[in-house]
Every structure is written in structure tokens, then in C-alpha cells.
Amino acid sequence: PFFSTGICAVRTSGFYALGLDYSPYYKNIIRKYKNEVNWAQTTYDRLKNWNFNTIGYGDEYIVATGMPYCKKLSMSGHIWNSGKIPDYFSEEWMQNVDDNAREHVAPLAEEKQLIGYFLDNEIHWSLDWRSHHDLFEDYCGMPSVSPGKKTLVRFLKDRYYDDITAFNTVWKTNHACFDELLNVTSLGLFPRNNHVRFDRAAFTFL
């Protein structure tokens, strides 16, 4: 049996300060330790002394110390700073996932100190500091020909049993058919009632 007690994001870059356009932590460790290798050894000794036995994920310098670690794959393809997401229903996205696995997972198949993977980290899903859009609204804003937009419209059509009148009543809209929604780029950022809120939440379970 092995119980992992680890620290996530053990890396020289630290936190990238958007307002400064650089990482103050990195500048400070270079000033103090002269280089990344010295920092990594000191950090490794410190973690061991504090009874940590793994690294949640970290850069190549701390991994080189030999402590068991996890690798972050960034499978989603989202842009962390802006929260912008790709079309998860597209063939292109699926191909990117396969390519990512081949590039980053396959070469590490025999890596003894690698104990697991994080598929991604802090993906934009609902309203947060990066965006006032939830996932529903992001897909609503996609082009009419995109797989994600078609999936959203099909989801609403199925959810309302192809009854556009029922949809219009709940959403306070005036569409002649569900296909019209393909050309709609927004259905409003904030739910008008609980039915709308439940519709938007249910879409994220697809």
C-alpha cells in the first residue's frame, strides 16, 4: 500500500503575475539559489523533511530529484488565462487528445517514479474570474456549423420533445423552430427562472 502525500505545482515558475508580465517567484529563486538545480535539491530536501512523499505535478528540475510525481497533460486544450474552450464535440478536439497521449504518455510508459496523470487543471466550466459565460453560453456563441453548436441545439430540441412553443414559454423567446437557434449567438448570460437554470446545467452533463 502507498499513500500519496504530495504538493501540487512544485515548479520554478511559481505564479505568473499578469499585472507584472513575469513570475516574481522565479526571479527570487534564481537570486537566492543561483540556478534551478540548486533550488530543486533544496526544495526536495525540504519536502522530505516535512514528510511529503510525492509531487502533485512539477517541472523537470524537481522531477529530476527522483521523488514520485504526477504529470499534467492539459487534455482539454482550454486557454487557462482567458477560460476560452475548444469545441469538445469536434473531431479535431478528439484527434488532439489522441495526439497529446501519444506525445506525452507513451514515452513515459516505463517511468518508474511516475504514479499518475492529471488530465487537466482549472478548466473553465461556469462563471468565474476569467469569463462571465458558462459552458452553455460558450457553445451558444459558436458558429452554426460547429459540432458543439449543433449538439447544443439538438440537446434543447430533445429536452423539449421538439416542442418549440414549450421552449419559447420557458426561455421567453419567439422562435419558429429549433433550427433557428443555430444562428442565435446568445440566450442570455443569467437564467430567467429555475427551468432555464436546470437546462443550462443539464447541458454540462453531456
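Mentor: Ala166 sits in helix H7, which covers residues 164–171. Helices here are DSSP runs of H or I with at least four residues, strands are runs of E with at least two, and both are numbered from the N terminus. Bear in mind that this is a predicted model: local features need pLDDT of at least 70, side-chain atom pairs count only at pLDDT 80 or more, and totals for chains, interfaces and linings use all residues. Residue numbers start from 1 along each chain as its sequence is written, and side-chain values use heavy atoms, with hydrogens and water left out.

Ala166 is partly exposed because its relative accessible area is 26%. The scale runs like this: under 20% is buried, over 50% is exposed, and partly exposed lies in between, with a 1.4 Å probe and protein chains only. Now look from Ala166 to Ser144: they are 22 residues apart along the chain, and their C-alpha atoms are separated by 22 Å.

Zooming out, the protein has eight helices and four strands, and from the N terminus on they run β-α-α-β-α-β-α-β-α-α-α-α. Its C-alpha atoms fill a box of roughly 65 × 40 × 30 Å along the principal axes. The radius of gyration is 23 Å, whereas a compact globule of 206 residues would be near 17 Å. That radius is taken over C-alpha atoms, and the globule rule is 2.2 Å times the number of residues to the power 0.38. Of the 206 residues, 34% count as buried.

Next, the charged pairs. There are five salt bridges in the structure, each being a side-chain nitrogen of Lys or Arg within 4 Å of a carboxyl oxygen of Asp or Glu. One of them joins Asp128 and Arg130, at 2.9 Å from N to O. Asp128 counts as partly exposed because its relative accessibility is 26%, while Arg130, at 15%, is buried.

Helix H8 is worth a stop here. Arg200 pairs with Glu137, and their closest N and O atoms are 3.5 Å apart. That pair links distant parts of the chain, with Arg200 in helix H8 (residues 194–203) and Glu137 in helix H5 (residues 135–140), 63 residues apart. Both Arg200 and Glu137 are buried. Asp199 makes a salt bridge with Arg159, with 2.4 Å between the closest N and O atoms. Again distant parts of the chain are linked: Asp199 is in helix H8 and Arg159 in helix H6 (residues 147–159), 40 residues apart. Asp199 is buried, at 3% relative accessibility, but Arg159, at 34%, counts as partly exposed.

Asp158 is one of the residues of a negative patch, together with Asp162, Asp163, Asp179 and Glu180. Asp158 counts as exposed because its relative accessibility is 52%. Patch residues have over 30% relative accessible area and no salt bridge; like charges are joined within 9 Å, and nonpolar side chains (Val, Leu, Ile, Met, Phe, Trp, Tyr) within 5 Å. Lys and Arg count as positive and Asp and Glu as negative, with His and the chain ends not counted. A charge is placed at NZ of Lys, CZ of Arg, CG of Asp or CD of Glu.

There's a nonpolar patch too: Phe15, Tyr16, Leu18, Leu20, Tyr22, Trp80 and Trp129 make a surface of about 770 Å². Accessible areas come from the Shrake-Rupley method with a 1.4 Å probe, and for residues only the protein chains shown count as cover. Tyr22 lies in the loop between strand S1 (6–10) and helix H1 (24–33), and at 32% relative accessibility Tyr22 counts as partly exposed.

Asp21 lies in that loop between S1 and H1 as well, with phi near 65°, a positive value in a residue other than glycine. Asp21 is exposed, at 56%. Asn51 has a positive phi too, near 70°, and isn't glycine either. Asn51 is found in the loop between helix H2 (36–49) and strand S2 (54–58), and with a relative accessible area of 62% Asn51 is exposed.
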